[in-house]
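Thank you for making time this morning. I would like to take you through one structure, starting with how its chains meet and then turning to a few local details.

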There are 2 protein chains.
Amino acid sequence: MKLVHDVTIYEVGFRDGLQLESKVLSVEEKLDVFTFFRDANVSEVEFGSFVHPKLVPQMANTSDFYSHIQQFEEEMELVALVPNLKGLEIAKANGVRSVNYVLSASNTHNQQNVRQTTDESLNSFKVLSQFASENGIALNVTVATSFGCPFEGTVPQKRIMKILDTLLLHNIKRITLADTTGMANPKQVYELTKEAVNEWRNFEFGCHFHNTRGMGLANILAGMEAGITIYDASIGGIGGCPFAPGATGNVCTEDVVHMLEEMGVKTSIDLDRLIQASHKLKEILGHDLPGQVAKAGKSSRKYPVPS
Amino acid sequence: MKLVHDVTIYEVGFRDGLQLESKVLSVEEKLDVFTFFRDANVSEVEFGSFVHPKLVPQMANTSDFYSHIQQFEEEMELVALVPNLKGLEIAKANGVRSVNYVLSASNTHNQQNVRQTTDESLNSFKVLSQFASENGIALNVTVATSFGCPFEGTVPQKRIMKILDTLLLHNIKRITLADTTGMANPKQVYELTKEAVNEWRNFEFGCHFHNTRGMGLANILAGMEAGITIYDASIGGIGGCPFAPGATGNVCTEDVVHMLEEMGVKTSIDLDRLIQASHKLKEILGHDLPGQVAKAGKSSRKYPVPS
């Protein structure tokens with residue numbers, strides 16, 4: 001079993017995680033959780049998205065939240081999701097230095113999201129990437145439904161490779177292959193990521209998994225075996241999937257970090273502080289979170305022998 | 001990624017699963033679930049244990065339940081857990097053809113369970129294995145805490161190998177390496193199982209995992225990469241762990257089968273029928289079960305495009 005030596009966690013709880021929560025968090029509440037991320041040494045945080053507040057009310061205070069955390073930009077990378085050029089312009093106006101743009105590998109899914117085919121999105125991407133370049137904004141692209149589409153089913157690996165080929169003509173910092181609705185299995189993850197890593201050896205690929213069908217950590221294991229060292233994760237495992245009510249959400253940050261550290265793969269994150277972040281978020285949201293290590297404790301936890 | 005081609009599932013829901021449930025299932029209720037197992041083509045079922053009914057009330061009707069399902073013994077292997085020679089004698093008296101004996105690799109854990117050190121259990125095992133042999137009863141041995149002990153912490157791989165060495169002097173059908181309280185990580189699973197498989201190439205090893213810290217399916221992936229083809233699993237993921245209240249239980253049978261089938265690893269189990277077994281059990285127990293595929297549906301499930 002060939003593994004990587006260290007892994008970077010890209011925390012998406014504030015965006016992908018909160019997006020489906022019914023409770024809208026105030027800036028103060030977001031800051032409460034953010035403080036634990038800082039203490040835990042989380043190095044990359046997607047702090048929100050510049051979408052229309054009517055579409056995603058949870059993201060309405062993204063500018064305000066950013067103005068409070070911007071001062072910590074030297075310690076960690078703070079990234080905003082932008083759905084389009086307009087979002088990128090708002091990001092720029094707010095002084096954001098790093099953005100994540102999402103397009104979907106599945107035509108049907110992309111059309112549902114932005115009323116464009118994938119090719120149309122790839123064409124309009126030129127303008128966006130140029131704008132980011134000219135303004136010194138680091139650009140990450142997330143390729144949604146890379147491992148399957150809830151409408152179309154299988155998305156051929158060849159199609160993903162072609163999309164990557166087109167994207168890599170542009171000035172991009174990272175590409176994240178995303179399993180948007182938790183359809184990926186470990187074999188598929190290994191095969192697609194291995195091909196991408198082999199084809200573009202020096203480019204930075206990340207993976208984004210959901211735990212919808214319980215395979216989240218197995219998929220990360222498979223990704224590591226293929227050489228992927230960057231993983232999105234959501235504190236407490238919040239997130240969910242609009243297509244599967246009751247299903248669990250993104251892979252849970254503390255569960256991922258726990259598994260990696262147990263395996264001797266370094267993350268630089270303080271797991272105990274991270275678990276505190278999860279407890280804090282649970283308290284704020286007022287409901288149980290899907291993450292398991294925050295409930296069960298670490299594997300290394302010893303129990304007193306009953307007398 | 002080297003994988004196995006097919007996998008046998010050893011269903012432990014009736015024993016390890018129900019053991020921690022507050023509701024005691026009647027024989028009729030157990031039969032209701034069992035019928036779905038038959039329809040789903042589940043080939044190995046641990047149907048109960050011959051322990052003192054005062055210790056585990058959920059197992060009190062094991063004899064009665066077995067008398068109803070014994071007729072299906074040609075279709076599937078029906079196994080009873082026996083804690084000691086007395087349990088084995090009761091199993092024999094009931095006409096049981098296959099038993100599972102558990103001893104713990106950790107002295108402290110073994111002492112908690114049977115008031116003996118591991119070595120003492122290994123010594124008294126001779127009598128038990130002889131009795132099984134003489135009576136034509138197939139004997140499986142589960143080595144509990146093979147991947148860690150909640151009291152002692154790490155259990156050295158060398159210790160496990162020595163226990164296996166001693167056990168293999170006897171007439172045993174299979175040895176199951178069990179992660180009794182969900183402490184195993186995939187790297188550890190790969191290393192221990194790989195060593196066991198390399199050392200005793202023609203012997204049948206299985207693995208038993210809990211999903212206490214979310215690593216259940218990742219551990220199965222690691223086991224498959226080492227060549228293990230037999231896995232314990234519990235319908236609906238019931239089971240839990242007395243040390244971690246609120247934590248999830250055994251790896252969930254339908255989630256395991258779903259992952260394997262998605263990866264092209266054959267199980268011979270009808271997943272749709274298996275999911276029905278899980279729904280039935282949920283109805284009987286009257287609470288939500290930890291399994292995720294029964295909630296989210298299979299990855300292959302397609303959704304209508306919103307108009």
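This is a predicted model: local features need pLDDT of at least 70, side-chain atom pairs count only at pLDDT 80 or more; totals for chains, interfaces and linings use all residues.

Let me start with the contact between the chains, where 47 residues of chain B are in contact with 47 residues of chain A. The size of an interface is often given as the accessible area lost when the parts come together. In this case chain B and chain A bury about 3900 Å² between them, and 61% of that area is on carbon and sulfur atoms. As for the polar side of the account, the rule finds 19 residue pairs in polar contact across the interface of chain B and chain A, with both residues at pLDDT 80 or more, while the count of salt bridges between the two chains is zero.

Which elements of chain B give two or more residues to the side that touches chain A? They are helix H5 (107–114), helix H8 (186–199), helix H9 (216–226), helix H10 (253–262) and helix H12 (293–296) of chain B. The largest share comes from H9(B), with five residues. Sorted by class, that side of chain B has 23 nonpolar, 14 polar and 10 charged residues.

Now to the rings, for which the count comes to 18 aromatic pairs over all chains. In one of these, the ring centres of B:Phe147 and B:Phe209 are 5.8 Å apart and the planes stand at 50°, so the pair is tilted. Because B:Phe147 lies in the loop between strand E5 (138–144) and helix H7 (157–167) of chain B, and B:Phe209 in the loop between strand E7 (205–208) and H9 of chain B, the pair ties together parts that are 62 residues apart in sequence. Both B:Phe147 and B:Phe209 are buried. In chain A, ring pairs link A:Phe14, A:Phe34, A:Phe37, A:Phe65 and A:Phe72 into a cluster.

Staying with chain A, consider helix H5 (residues 107–114), whose buried residues are A:Thr108, A:His109 and A:Asn110. These buried residues of H5(A) pack against strand E4 (98–104), helix H6 (118–134) and strand E5 (138–144) of chain A. Just after H5(A), A:Arg115 takes a positive phi of about 55°.

Is A:Thr181 buried or exposed? With a relative accessible area of 5%, A:Thr181 is buried. Its C-alpha atom is separated by 19 Å from that of A:Glu191, 10 residues apart along the chain.

Conventions
Residues are numbered from 1 along each chain as its sequence is written. Chains are lettered from A and ligands numbered from 1 in the order in which they are written. Side-chain values use heavy atoms; hydrogens and water are left out. Contact means heavy atoms within 4.5 Å. Buried area is the accessible area (1.4 Å probe) that two parts lose on being put together, summed over both. A salt bridge is a side-chain nitrogen of Lys or Arg within 4 Å of a carboxyl oxygen of Asp or Glu. A polar contact is a pair of N or O atoms within 3.5 Å; within protein, one must be able to donate a hydrogen and the other to accept it, and residues adjacent in sequence count only if both atoms are side-chain atoms. Helices (H or I, at least four residues) and strands (E, at least two) are DSSP runs, numbered from the N terminus. Ala, Val, Leu, Ile, Met, Phe, Trp, Tyr, Cys and Pro count as nonpolar, Asp, Glu, Lys and Arg as charged, and the others, Gly among them, as polar. Rings of Phe, Tyr and Trp (its six-membered ring) pair if their centres lie within 6.5 Å; planes under 30 degrees apart count as stacked, over 60 as edge-to-face and the rest as tilted. Buried means under 20% relative accessible area, exposed over 50%, partly exposed in between (1.4 Å probe, protein chains only).
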